[in-house]
Structure formats: structure tokens, C-alpha cells
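Please read the following report alongside the sequence and the 3D structure.

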Amino acid sequence: MTDIGKEKKIIDIDRRLCIVCGACSAACPNEALIIEGMNLEFIPERCRPCGQAAIVCPTGALTCPR
Amino acid sequence: MESEKFDVVIIGGGPAGARTAWRTASRGYSTLLLEKRPRVGFPVRCAEAVGPREDVERYLSLDESLISSPVNGVVLVSPGGIRYEAEMPEIGFIVDRELFDRRLAEIAAGGGAVVRTGHQAMGLLRENSRIRGVVAKDLSSGALYQVRSRVTVGADGVESISPRWAGLKTGYRPEELMSCAQELISGIDVSLRYIEFHLGTRCAPGGYAWVFPKGKNSANVGVGINPLRSGGLRATDYLERFIAARCAEGRRHRLVVGATAVARGLPSLVADGYVAVGEAANQNNPFSGGGIINALEGADLAADAILEALESNDQSANRLKTYNKNWWNSVGRTNEIFYQAARILYRLPDGEMDRALARLKREKNLISNKAIKPWKLLKVLLLSRPALVFQVAGSIGKGILFGNRS
């Protein structure tokens, strides 16, 4: 089974920079980034790579490689 | 799946959620408050400014333990470096937001609400088209359970998903979010207890940088930027630059980052069996980003409608919509003016912003009762963009009618 999200590397999360503020979650139109408790969860199959999460991230923890 | 029943289930244990919980619980309705973090109010994600004492004390007693510093004046620094200063004793306070939120949650619990931390709403329960509670998760065990309720309240803040589930809102566009970063810094002289705002593309494109006193020599030092106007730089990059210019000698204690909604109010705050409140409902001020008192006011208006709905045993959107009307006739309307003002001011090129601020400085009675008069603010700002007068007027009219109609 192929994990499309991982294969295409749609988003990079640098966990050292991410302090789980939720900005990306607020900006993601597709609920692909969800804060669960104190963790940021990425659900690749919901991601329609639009780049908005990376734009609003205050620390630069999120990048879209493409 | 285990199932529980409450009259009201509230998603989010911030000011909006806790105040709503207190209102419904203290009237005898069984109320559950869900907070996904292990501890209410922690970690703080806020610049911690609130308005004057009389505003805050409608909701809780502002005792010494909650106050980090009074605010005794305002400093505004224009893009060209012109400094405007005004002494305004006790125009507001910088609070200890963690204690503040915890106190509100304690008041809710004291009124009979069940406050559950480390539990998160994962989805809404629906019956026909009506919202009938939530699927919740105990984050320590991973167990899912149902909470059936007569009214569900979305008070889940800026990253909130529940108003999307309820069909009231979509994700924010990047320009509707201010991307923010802040450090608590000591060894900075703020003995005058003034709050400072610094404007301009160099320090905070599309937003502002701030210094809010936390004590005699410590302050929340932060920046909020429009992420589409920042030339690829991050809020943290601008924060570094601002700290280097303003208080390079200070010691850093606590980095806070996050997003603040600077979006237009939601046309409707209600669905069948569901109500949105606080920043989840874009109720914070889109000019300043501040939202604590707005959230508490929103909670009271929401609670009025919820209590009426519960008493008449009709939790339909049609019954709950008095909340829409009351919101849009009060803070919602003011917020709409602030939204238009923000759209003008924060988009002005530096030189024009300098001139706009000089005009604001000359305007008499811009501030009364310790608050900016939004109409005056907008009027003066429109002098910078006279071509926008009709567009803004039409937009405001539509916004206010739109909100009232639904």
C-alpha cells in the first residue's frame, strides 16, 4: 500500500520548530492539520497542497517542498 | 461506545467556553466543558491585554493576583519613527492569562459545570440534520465516547473546527490571520506602564509590533504580521528584528506563537442545536486582534439565547438566532467598523500611514470611555483612501444587514 502523502512529500513539519500553536490548522481549508491535545497531526490524504499552512506558520516549522 | 447525556456540551475551556458554561450550569442545566489541553489556560497564547476594570469586572473580580500591570498610557510609533504618546491612567490591564482562564473555569465549575481537561471533541453527533452533541476522546486513554446534548457550543478558538463541522465557517484565508510571535522579556524599562504599538512594513508588515508591560521591567514583546505581505519572512524573523531594535539587552523567558483571526464576523453564529462563540466565531476585534472581553460578551449573548431555547425546549437555529441579532446589534456591528478600518490602515504604504496617524492624532475625542470610537477611526482613515468611501459604506451596510437577517 502506498501512502500518497508521504510519497509525494506534500508538507514538511520540523518538529523542533513547531510549538503546536494551531495557526496551520486555522488556515488549512481541508482539515488536514489538526491539533489533538498538545500534538499536531497531519492527515496526508486530506491535503490538497495549497501552501496556506506554510504561509501562516509563525516559526517556519512548516514547508511545502514543491 | 459509551454515551453520556448533558443539556449543554461546550467545546473549549477558554473565556468564551467557561463563561457560557457558568451561565447554563448556574441556571441548573447540566453542562459539560471539554478542554483538549491537560490544563486550562496553559500554555498561554496571548499578549494578555484587557480593557478597563469596569469591563472586566462584569465577569470576574480583577484582583491583584490576576493583574501583571495596569496600563497607564499608550505609545504609538509610526513607520517614519514619529512617536505619539498619551497618558491614560488605567485604560486597561495586562493580566496573567493562565490564571485568568483558570479562574473563569473555576467559576464555571463552582456553578455546577463539569470541567474535563485532556478531553477533545472529535466530531459532532447529528440526528436528522440537527446537531445533538459530540464524539469526544479521552486523550490519555484514547477512548472515544459520545456526549449527547440539547445544545452544543463551539468555543474552540482560532483553530476551531467545530464551526466548520456545523457549516458556519470555512478555513481562514492567510490574510484573515495575523501570524504572531512574542517573547516575555525582562530587563526592559517599562516603568511608565505604557503599551507600545509600532507600525510599518519594516517592523510588522500588515500588522503591528507591541510592547505590553508585565511588570516594572518586564514585558510581552511581540509582532503580528499579515503573512502575505511579509516577503517570505516569518513572524519569528520579525520578532528577532524588533527585539534587536527595541530591547536587545533584555533576557528572554517564554516564546509564544500563534495566529489571531482578523476576519469579518460570521453572518450566522447558530445552527440547529449548535452555537459558536468567541474567536471560533470571529468575535475578537479585527483591528487590534484583542478578544478576551469580546469573547465574554459573546458568551453572555449566546447564553441568553441558549437558556431561552432550553426553557422553551426548542433548540432549533430559528429559536437560537436571537443571538445573531443581539451580537450584530452590539459588538458585531462595532467589529464590522473595526474590520473596515483595519483593511485601510494596515494596507497603507509607510508614508501614507505616517500621514494617517498624524491625522488621527489631531482628531478630537477619538478615545472616549477608555475605548477608541470606531466610527471616528474609520472616518479619519477614509481620508487616506477617499475613493473607498462608497465601497466601505456599501460593505458595512451589507455586513450589518447580512448578520441581522439570518
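Chain B is divided into three entries by an automatic or database domain assignment, as the table shows.

| Domain of chain B | Residues |
|---|---|
| Domain 1 | 2-44 + 99-171 + 267-328 |
| Domain 2 | 49-54 + 67-94 + 174-261 |
| Domain 3 | 336-405 |

This is a predicted model, in which local features need pLDDT of at least 70 and side-chain atom pairs count only at pLDDT 80 or more, while totals for chains, interfaces and linings use all residues. Residues are numbered from 1 along each chain as its sequence is written, and chains are lettered from A and ligands numbered from 1 in the order in which they are written.

The C-alpha centres of domain 1 and domain 2 of chain B are 30 Å apart. Their contact involves 9 residues from domain 1 of chain B and 9 residues from domain 2 of chain B; two residues are in contact if their C-beta atoms, placed from the backbone, lie within 7 Å. On the domain 1 side there are 4 nonpolar, 4 polar and 1 charged residues. Here Ala, Val, Leu, Ile, Met, Phe, Trp, Tyr, Cys and Pro count as nonpolar, Asp, Glu, Lys and Arg as charged, and the others, Gly among them, as polar.

The largest nonpolar core has 144 residues, of which Val223(B), Val275(B) and Val277(B) touch the most other members. Such a core is a set of buried Ala, Val, Leu, Ile, Met, Phe, Trp, Tyr and Cys residues joined through C-beta atoms within 7 Å. A residue is buried if 20 or more other C-beta atoms, placed from the backbone, lie within 10 Å of its own. Helix 6 of chain B (residues 292-311) supplies the largest share of this core, 11 residues. Leaving aside residues up to four places away in sequence, the contacts of Val277(B) include Ala295(B), Ala299(B) and Ala302(B).

Of the 20 residues in helix 6 of chain B, 14 are buried. Helices (H or I, at least four residues) and strands (E, at least two) are DSSP runs, numbered from the N terminus. After helix 6 of chain B comes Asn313(B), with a positive phi near 50°.

Chain A contains 3 helices and 4 strands, in the order α-β-α-β-β-α-β along the sequence. Of its 66 residues, 36% are buried.

Between the chains, the contact takes 21 residues from chain A and 25 residues from chain B. Strand 10 of chain B gives the most to the chain B side, with 4 residues. That side divides into 13 nonpolar, 7 polar and 5 charged residues.

Methods
A residue is buried if 20 or more other C-beta atoms lie within 10 Å of its own, exposed if 12 or fewer, and partly exposed in between; C-beta atoms are placed from the backbone.
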